Amino acid sequence: MAPKSERWWLTTDHVDVVIDAPAERIYDMVADLTRMGEWSNECAQVEWVDGATGPAAGARFVGHNRTGPRGVIKWSRRGRVLVAERGREFAFATEEGGQEGVVWRYRFEPLDDGTRVSESYEVTRIPTWARIVDVPTNRHGALLKSMRHTLARLKTSAETLTHEGDRS
């Protein structure tokens, strides 16, 4: 369980899962942000912008998200890829008011039985109104649930590809 200060005030957290697939394959799935809606229960769509066509440090994108009952709460955020090291790490920052707001990071650790994938977030800046609604809406809990959902769907997809490849 996160320390009390992190349970009620968004700061940082992470979720890990072991996936029976090579780190490079999982990286390729995550780093293709246009596919993030396949894994995430909050992200509906991502599009590359400003001439970006894929994952590279500095590439810019816009993510369109939804949450709440029947997905009625919708918002979009601009973002920028910070780290794009195939098979090792993929990180991006979403913007709040034109400044880096939340850093999302995926790390890939090869193991004998697959790859440990860690998804994390670190809040660097969010608006005051968002801080005010953090506590009553339990945003920290919602983000943990969302990360678990994302990694579970990623695991299912990556392992399906791995096992289908074993049969061909």
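Two strands pair if DSSP finds at least two bridges between them. Helices (H or I, at least four residues) and strands (E, at least two) are DSSP runs, numbered from the N terminus. The structure is a predicted model, in which local features need pLDDT of at least 70 and side-chain atom pairs count only at pLDDT 80 or more, while totals for chains, interfaces and linings use all residues. Residues are numbered from 1 along each chain as its sequence is written, and side-chain values use heavy atoms, with hydrogens and water left out.

**Exercise 1. Determine the strand order of the sheet and identify its edges.**

Step 1. The protein has 5 helices and 7 strands, arranged along the sequence as α-β-α-α-β-β-β-β-β-β-α-α.

Step 2. The 7 strands form an open sheet in the order S1-S7-S6-S5-S4-S3-S2, with antiparallel pairing.

Step 3. S1 and S2 each have a single partner strand, so they are the edges, and one side of each has no neighbour in the sheet.

Step 4. H2 lies across S1, S2, S4, S5, S6 and S7, and runs at about 160 degrees to S6.

**Exercise 2. Classify Asn65 and Asp50 as buried or exposed.**

Step 1. Buried means under 20% relative accessible area, exposed over 50%, partly exposed in between (1.4 Å probe, protein chains only).

Step 2. Asn65, in strand S3 (residues 60-67), counts as buried because its relative accessibility is 15%.

Step 3. Beyond residues up to four places away in sequence, Asn65 touches Glu42, Cys43, Ala44, Ile73, Lys74 and Trp75, where a contact means heavy atoms within 4.5 Å.

Step 4. Asp50 is placed in the loop between S2 and S3; its relative accessibility is 59%, and therefore it counts as exposed.

Step 5. Although not a glycine, Asp50 has a positive phi of about 55 degrees. Most residues other than glycine have a negative phi.

**Exercise 3. Describe the largest nonpolar core and the elements that supply it.**

Step 1. A nonpolar core is a set of buried Ala, Val, Leu, Ile, Met, Phe, Trp, Tyr and Cys residues joined through side-chain atoms within 4.5 Å.

Step 2. The largest such core has 35 residues, and Ile19, Ile26, Leu33, Met36, Phe90, Phe108 and Leu154 have the most contacts inside it.

Step 3. Elements that each supply at least two residues of this core include strand S1 (12-19), helix H2 (23-31), strand S6 (99-111) and helix H5 (139-167).

Step 4. Leu33 touches Val46, Trp48, Phe61, Phe90 and Phe92, leaving aside residues up to four places away in sequence.

Step 5. Over the whole protein, 43% of the 168 residues are buried.

Note on methods: Axes are lines fitted to C-alpha atoms, for helices over the stretch in contact, and angles run from 0 to 180 degrees between N-to-C directions.
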